[in-house]
Amino acid sequence: MPGLKRSVQWGGRLLVGVCFLWLSYLAFDFSYILIELKELFSNFWVIGAMTAAYLSAFLIRAKAWQLYVDKSQPLKQFVDGLLYSLFINHLLPVKAGDVVRAGYLVNSTRISWKSAIESVVVMRSLDLMILGSISLGGVLYLGLSISYLFLILLVLAGSLVMVLIFFKENWRTVIISQIKRVGSILFSGQGVLLFFLIAVSWGLEAIIVFAVATQFSSALGFLQSLWVNSFTIAGQVFHFSPGGIGTYESFMSFALRASEVPIKNAYTIAILTHGFKFIFSFAVGLYLILSVPISLKTIKGWLKRKED
């Protein structure tokens, strides 16, 4: 089974990598990207709005995380932990940010390792639930032109994941436990608030796509931008490079093409939005290194650790 798991992961990554190379061959135009980049960063108000919206998205997610864990703990610890996760995910070719997020929370509060990990899993589960709902809802509500081939591949991929879960007992146990946990949260007053806050945060992040797309003749509506962003982030399960380079561009370009954006514009919008997120992540990374530094030894220890 470990071999099958690796085969599925690397098979998906290889497919996405090939798609990215194909997209780059079709749509990459350095001079065109540079022109659009200069135009974007010459508009102070647009960049300011994008930065404010993106930062606000993380502040709201941090607040939701704090409410779930312990609202008596300082909000700053949750904000810094979440921003460390963002920075690490854009720095390393593997998604290690969530482990660092949990480790930082343990180091800066009275929370146990097990509780911190569990809280991160629950928050990520809510993220995926919301992103998945928006992605599916967008196809149905917006009437997007998704090909039958893509839907068939999506069903096959989902079926394969279910088969892997069925045969992997420890996966099955953990996933069933988390489904029950998330279900109990959703059907509570706190759960409704958490769901609302996280949904709002993803709406704020969609403003980046909306703002960048306004530069192009095929500008998107906000609901389309929300769907594009949600579909793109949900596709980061095949993350194989720092910040999901290649994966992000492939999924966003596909989503934009489904929204009838020309391929060259779609690819350029993906490059610009991803570039902005990289700049933001390294800017907050610099802030974190200067204000709340963590040693590499500590981070390595967190990555090796599983439970108490």
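Trainee: Which helices each supply at least two residues of the lining of the second largest pocket?

Mentor: α4 (75–91) and α13 (296–304) each do. Helices are DSSP runs of H or I with at least four residues, strands are runs of E with at least two, and both are numbered from the N terminus. Keep in mind that this is a predicted model: local features need pLDDT of at least 70, side-chain atom pairs count only at pLDDT 80 or more, and totals for chains, interfaces and linings use all residues. Residues are numbered from 1 along each chain as its sequence is written, and side-chain values use heavy atoms, with hydrogens and water left out.

Trainee: What makes a residue part of the lining of a pocket?

Mentor: On a 1 Å grid over the protein atoms alone, a pocket is an open set of points with protein on both sides within 12 Å along at least five of seven lines, and a lining residue has an atom within 4 Å of a point. Y84, F87, I88, L91, L92, I289, P293, I294, L296, I299, K300 and L303 line this one. Its volume is about 240 Å³, counted as the space filled by probe spheres set on the points.

Trainee: How many nonpolar, polar and charged residues does that lining have?

Mentor: Eleven are nonpolar, none polar and one charged. Ala, Val, Leu, Ile, Met, Phe, Trp, Tyr, Cys and Pro count as nonpolar, Asp, Glu, Lys and Arg as charged, and the others, Gly among them, as polar.

Trainee: Why is S281 called buried?

Mentor: Buried means under 20% relative accessible area, exposed over 50%, and partly exposed in between (1.4 Å probe, protein chains only). S281 has 0%, so S281 is buried. S281 sits in helix α12 (residues 263–291). Leaving out residues up to four places away in sequence, S281 touches L86, F87 and H90; contact means heavy atoms within 4.5 Å.

Trainee: Is V284 buried or exposed?

Mentor: V284 is buried, because its relative accessible area is 11%. V284 also belongs to α12. Beyond its neighbours within four places in sequence, V284 contacts L83 and L86. V284 and F87 are 197 residues apart in sequence, yet 7.2 Å apart in space, C-alpha to C-alpha.

Trainee: Why is E260 called exposed?

Mentor: Its relative accessible area is 65%, so E260 is exposed. E260 lies in the loop between α11 and α12. S218 is 42 residues from E260 in sequence and 8.1 Å away, C-alpha to C-alpha.

Trainee: What is the phi of E260?

Mentor: Phi is near 65°, a positive value in a residue other than glycine. Most residues other than glycine have a negative phi.

Trainee: What describes the packing of α10 and α11?

Mentor: Helix α10 (residues 222–234) and helix α11 (residues 247–258) pack at about 145°, with axes 8 Å apart. Axes are lines fitted to C-alpha atoms over the stretch in contact, and angles run from 0 to 180 degrees between N-to-C directions. Residues in the contact include W227 and F231 of α10, and F251 and M252 of α11. By class, the contact has eleven nonpolar, one polar and no charged residues.

Trainee: How many helices and strands does the chain have?

Mentor: The chain has 13 helices and zero strands. Of its 308 residues, 45% count as buried.

Notes. 1 Å grid on protein atoms, 1.4 Å probe; cavity = no way out; pocket = protein on both sides within 12 Å on 5 of 7 lines; lining within 4 Å.
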